[in-house]
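Please open the structure in a viewer and keep the selection tool at hand. The tour below moves from one selection to the next.

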Amino acid sequence: MSDYLAQSDPGKRILRRCDELAAISRPGAGVTRLYLTDEHRAAMVLVAGWMREAGMEVHADQAANVIGRYPPPKGDGRYLLTGSHIDSVIDAGKYDGPLGVITAIDCVATLHRDGRRLPFGIEILAFGDEEGTRFGTTLIGSRAVAGSLTPRDLAITDTEGVSVETALRIFGLDPAALPSAAHQREDVLAYVELHIEQGPVLEQADLPVGIVTSISAQIRKIVTLKGEANHAGTVPLRLRHDPFLAAAEMALALEKIAAGIPDAVGTVGKVDVRPGAVHVIPRSVTISLDMRARSDAMLRQLTSAMDGEIARIAKARGVEVKVEPLLETRAAPCAPWLMGQLDNAVKKCGIKPLHLPSGAGHDGMAMIALGPIAMLFVRCKAGVSHSPLESVEAADVTVAARVLRDFIDNFVPEKS
């Protein structure tokens, strides 16, 4: 630990560790580190080692989350939770998730170096799955901690047909013991997460950090359309039952509906066409729907209208349709009293606090079931994320680390 802290600039030492963690990846253009894979296991080992060096008690739970605890002086009491996730999308950047974990570890490392314990405990969570890249759902790690995973979640399969339950067993974990990962609300003071913004607002405002007001609600679905495969040259257009054209029309309908609702967005990110031959009218098409809005009511408006369009288009084009839910999360507002404490920490760095919503999903959407949440955003270059081009400046990370450390040092629990 002395070697690590010998670098006096927090931003530089944190980014050096981000580079080290990013090297644990499936080969490719960026970082690919999926849940319950060999890469995930190697990342868990590395992060656990950093936590131990920082003076923390470390264990992995039955959902493959790595958890480091820095107890209060008497060894018991309530905990302030922080951290983020260590999984990634395909060909990701280095900072989405890991920056929050590594910065939190840095804060505890400096506390430990100074021989300081706080009146409350600090727990850092390195969640194994937030992105949902492997299984199509999301927040498996934080939902396990929040106690909100369901049997349906465990039955979801990856592209190879391996279920979450089976993948946990292969990884050496016991799905039946997943309830042991759940925390109790009475043990949690709050959850605060540092994360890159994944948007351009802070850069446009020329600010290194910002304070999140809420995390948007989101729903993910899989739509499967079945038509009639046939020769591409012999069947007139008027006699076809083409599921791909139905899917394309649904994608355009989603765009139109979302455009009519403030701050709502809709995305078709995956398309699977079968049999996938140039000269064959498709037999079946599967598409994903990702729908988000800043409030639960707006999301209901979006999804209700889209459900109607799916049924209408399928009927008009004479194709069978099946809709399967993947994920539904409610909007997660950040607690004003936590935002106020982040405001104070930001002001101490000589920076004007900026409040902004998060359109991206985060682990706080699950963790809010355990207690109040807050988020600190860090500026990223051009707002680019989920890409190898994802970039942050060491100077901004230094500011963010100092804000988080000040927030922890001066944290005052909510009065009951």
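Select Thr224 first: this residue counts as buried because its relative accessibility is 16%, where buried means under 20% relative accessible area, exposed over 50%, and partly exposed in between, with a 1.4 Å probe and protein chains only. Thr224 belongs to strand β7, which covers residues 217–226. Helices (H or I, at least four residues) and strands (E, at least two) are DSSP runs, numbered from the N terminus.

The model is predicted: local features need pLDDT of at least 70, side-chain atom pairs count only at pLDDT 80 or more, and totals for chains, interfaces and linings use all residues. Residues are numbered from 1 along each chain as its sequence is written, and side-chain values use heavy atoms, with hydrogens and water left out.

Now display the surroundings of Thr224. Leaving aside residues up to four places away in sequence, Thr224 is in contact (heavy atoms within 4.5 Å) with Val285, Thr286, Glu320, Val321, Lys322 and Glu324.

Next, select Asp91, in the loop between β3 (79–85) and α4 (98–113). Asp91 is not a glycine, yet its phi is positive, at about 55°. Is Asp91 buried, partly exposed or exposed? Asp91 counts as partly exposed because its relative accessibility is 27%.

Proceed to Asp263, in the loop that links α9 (243–259) and β9 (265–267). Here too a residue other than glycine has a positive phi, near 65°. With 52% relative accessibility, Asp263 counts as exposed.

Finally, select Arg274 and Pro275, which are joined by a cis peptide bond with omega of about 5°. Pro275 lies in the loop between β10 (271–274) and β11 (280–281).
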